[in-house]
Amino acid sequence: MLVKDWMTREPVTITPDTPVMEALRIIKDHHFRRLPVMDQGRLIGITTRKDLKDAMPSKATTLSVWELNYLLSKLTVSEVMARPVVTAAENEYLEDAALRMQEHRVGGLPVLNDAGHLTGMITTRDILQAFTSILGMREGGQRLTLEMDDVPGSLEAATRAILPSNIISVATYPGGPGRLRFVIRVNGDGLRDVRSRVQQAGISVLD
């Protein structure tokens, strides 16, 4: 799966001279958490709802309303945006972008095409949608968690035991020492006794 298959296209952007109050209004109106900052067609920064709110004067300020409004009118995104920007590429694997988000502790990445132009945003929400799709959550059927030896042929043995049911999705994660757990979603024929068939094949069914 590629980033371009899951990203949000044509993201709303702002410029570095956009007032902070205007940027906050855009975020609130569109229910965003972050906005890419563009200058003459180039991505130069990114700002988040937290960045913008942190830039606002404290409620304990002694400034008058006139002074406060004046300062807010002068405060622009260029003063609070983050740079350089961590990005994703349209044609990279989704899991690589997800790992970069985790490493940099960010909830979203601007997406660039091969020419370096901004074409989308990939966010934690997009990653979660991809994750539930990979696991076939909307396909119905039954979910099985199997634990087997981490050796060639283990998945083949499970597949034979699951027949005639149809495998919708497969995901793996580590089990005990030398073991691997398979999360398998199945539908179709033979669902009623699919668990017993797998157990009869000598495979441990955890749930």
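I began with the pairing of strand 2 (residues 34-39) and strand 3, and found that the two run antiparallel and are joined by six bridges. The model I am reading is a predicted one. Looking along this pair for facing residues, I noted that methionine 38 stands opposite leucine 43 in strand 3. I then checked the connection, where strand 2 and strand 3 form a hairpin with two residues between them; glutamine 40, in the turn, has a positive phi of about 55 degrees.

Next I asked how many residues of strand 3 are buried. Five of the seven residues in strand 3 (residues 42-48) are, so the strand is largely enclosed by the rest of the structure. For this step I took buried to be under 20% relative accessible area.

I turned to the UniProt record, an unreviewed entry, which lists residues 7-63 and 81-139 under "domain: CBS". Over residues 81-139 I read 37% helix and 22% strand, with the end C-alpha atoms 42 Å apart.

I then traced the open sheet, which is formed by four strands in the order 1-6-5-4 with mixed pairing. Its edge strands are strand 1 (8-9) and strand 4 (88-89), each of which pairs on one side only. Strand 4 pairs with strand 5 (residues 108-112) in the parallel sense over two bridges, and here alanine 89 stands opposite leucine 112 in strand 5. Helix 4 (residues 94-104) packs on this sheet, where it touches strand 4, strand 5 and strand 6 (118-123), and the direction of helix 4 makes about 135 degrees with that of strand 5. I also looked up helix 5 (residues 124-134), which lies across strand 1 and strand 6 and runs at about 70 degrees to strand 6.

My last entry concerns helix 6 (residues 154-162), for which I wanted to know which residues are buried. They are Ser154, Ala158, Ala161 and Ile162. Seen down the axis of helix 6, these buried residues fall within an arc of 100 degrees, and they therefore line one face of the helix. On the other side of helix 6 I found Glu156 and Arg160, which are exposed. I finally asked what covers the buried residues of helix 6, and the list includes strand 7 (142-149), strand 8 (165-174), strand 9 (179-188) and helix 7 (194-200).

Technical notes:
Residues are numbered from 1 along each chain as its sequence is written. This is a predicted model: local features need pLDDT of at least 70, side-chain atom pairs count only at pLDDT 80 or more; totals for chains, interfaces and linings use all residues. Side-chain values use heavy atoms; hydrogens and water are left out. Buried means under 20% relative accessible area, exposed over 50%, partly exposed in between (1.4 Å probe, protein chains only). Two strands pair if DSSP finds at least two bridges between them. UniProt positions are given in the numbering used here, feature names are shortened, and annotations may be inferred rather than shown by experiment. Contact means heavy atoms within 4.5 Å. Axes are lines fitted to C-alpha atoms, for helices over the stretch in contact, and angles run from 0 to 180 degrees between N-to-C directions. The arc is that of the directions from the helix axis to the C-beta atoms.
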